[in-house]
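User: Please take me through this model feature by feature, giving the general idea before each case. I would like to begin with helix packing.

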Amino acid sequence: MPHLTSTGSTLRTGASEQLGVGVPGYAHPLLAPSEWAELDRPGTPLHWAVLNIDDGPGARPDPHCLEVAGRLRNARERALRGEVPEDTVRAAGGRLLGHLDLAWGSRPVGELVAEARTYLDWYRVGGFYLDHCPAERDGLPTVRRLTSTLSALVADSDSADEEAGRVVLGHGIHPHPGYAEAADQLVTFRGPWADYRWSQAAEWTAAYEPGRFVHLVHGVPRTHLEEAMRVARWQGAGTIFFTDRDSANGQTDPFAAPPSYWDEFVSRIGPGISE
């Protein structure tokens, strides 16, 4: 697969370009209330957080999820209006994204669109995270059709604002280059630190700004946090989530909770920024 060939020999993120946080899906707010509360704290450089209730929007509106959605939406609206200058959850961040599982392209588009409408109706999400997104060329036409429909749904909903919505493709690897034109961001790495520290970016990613790519890495020791951020910057990632939690230690989802070094992680990234 030549589109996965990489060299990654050039630093593409300058000192003035800061990283932001993307949370791929914390545990349910009832089980992790303090973790969700951290995300709308002023100064958190949050780009987005994914809401996944039951591999989708669930069967009925969840009051705990409604509360989380409202808090993040209010923080974003305050920043957009400039009412709270010190609140640095900026216009480019602070979005809540609805989780849609593409099952590597096996789910019908109509079924996914129906779930998306439910997310918008109940939680007024600001976009969608398309998990288990196919990465090969033959899946591209269907994904393009889906992302176009999702963007239109957000634009026509009362979730829309002047920055429009956000669609993130959760490949977890470098996909065919054509996917870069199908969504706002691509998750080009999702996996353990042992693989990430030696990883390289696909050559075609050099044609795009750093904000287009997301890296989600687990098992990152605190002592290697700065090294991990250097890798992200070298490879042109704009949104990251690093954690010392690891699925090898019996944790089924290492991204279901923040790292033990959350405050240090956030402070190393810096305050929230506009894109």
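Analyst: Helix 6 and helix 7 are oblique to each other, because the axes of helix 6 (residues 225–234) and helix 7 (residues 262–269) cross at roughly 40° and come within 11 Å. Angles under 35 degrees count as roughly parallel, over 145 as roughly antiparallel, 65 to 115 as roughly perpendicular, and the rest as oblique. The model is a predicted one, in which local features need pLDDT of at least 70 and side-chain atom pairs count only at pLDDT 80 or more, while totals for chains, interfaces and linings use all residues. Residues are numbered from 1 along each chain as its sequence is written, and side-chain values use heavy atoms, with hydrogens and water left out.

User: How are the axes and the helices themselves defined, and which residues of helix 6 and helix 7 meet?

Analyst: Two packed helices are described by the angle between their axes and the distance between the axes. The axes are lines fitted to C-alpha atoms, for helices over the stretch in contact, with angles from 0 to 180 degrees between N-to-C directions; helices (H or I, at least four residues) and strands (E, at least two) are DSSP runs numbered from the N terminus. Here Leu225, Glu226, Met229 and Arg233 of helix 6 meet Glu264, Phe265, Arg268 and Ile269 of helix 7, where contact means heavy atoms within 4.5 Å. By class, the residues in the contact of helix 6 with helix 7 are four nonpolar, no polar and four charged (Ala, Val, Leu, Ile, Met, Phe, Trp, Tyr, Cys and Pro are nonpolar, Asp, Glu, Lys and Arg charged, and the others, Gly among them, polar). The crossing of helix 6 and helix 7 is right-handed, that is, the near helix is turned clockwise from the far one by less than a right angle, anticlockwise being left-handed.

User: At what angle do helix 3 and helix 4 pack?

Analyst: Helix 3 (residues 109–123) and helix 4 (residues 140–155) pack at about 25°, with their axes 11 Å apart, and helix 3 and helix 4 are therefore roughly parallel to each other. Their crossing, too, is right-handed. Helix 3 contributes Val109, Leu112, Val113, Ala116, Arg117 and Leu120 to the contact, and helix 4 contributes Thr142, Arg145, Leu146, Thr149, Leu150, Leu153 and Val154. The residues of this contact divide into nine nonpolar, two polar and two charged.

User: Which residue does the side chain of Glu115 join in a polar contact?

Analyst: A polar contact is a pair of N or O atoms within 3.5 Å; within protein, one must be able to donate a hydrogen and the other to accept it, and residues adjacent in sequence count only if both atoms are side-chain atoms. Glu115, placed in helix 3, is buried at a relative accessible area of 16%, and its side chain is joined to that of Arg107 by a polar contact of 2.8 Å. Not counting residues up to four places away in sequence, Glu115 touches Asp55, Gly56, Pro57, Leu100 and Arg107.

In strand 6 (residues 185–192) there is Thr188, which counts as buried at 3% relative accessibility, and whose side chain makes a polar contact of 3.4 Å with that of His215. Beyond its neighbours within four places in sequence, Thr188 is in contact with Gly172, Ile173, His174, Pro175, Phe213, Val214 and His215.

User: What should be noted about the backbone at Ala103?

Analyst: Ala103 has a positive phi of about 50° although it is not a glycine; Ala103 lies in the loop between strand 3 (95–101) and helix 3 and is partly exposed, at 27% relative accessible area. Arg124, likewise not a glycine, has a positive phi of about 50°; Arg124 is found in the loop between helix 3 and strand 4 (127–131) and counts as partly exposed at 29% relative accessibility.

User: How many helices and strands are there in the chain?

Analyst: The chain has seven helices and eight strands, and 53% of its 275 residues count as buried. Of the contacts in the chain with a separation of 6 or more, 76% are between residues 24 or more positions apart.

Terms used
Buried means under 20% relative accessible area, exposed over 50%, partly exposed in between (1.4 Å probe, protein chains only).
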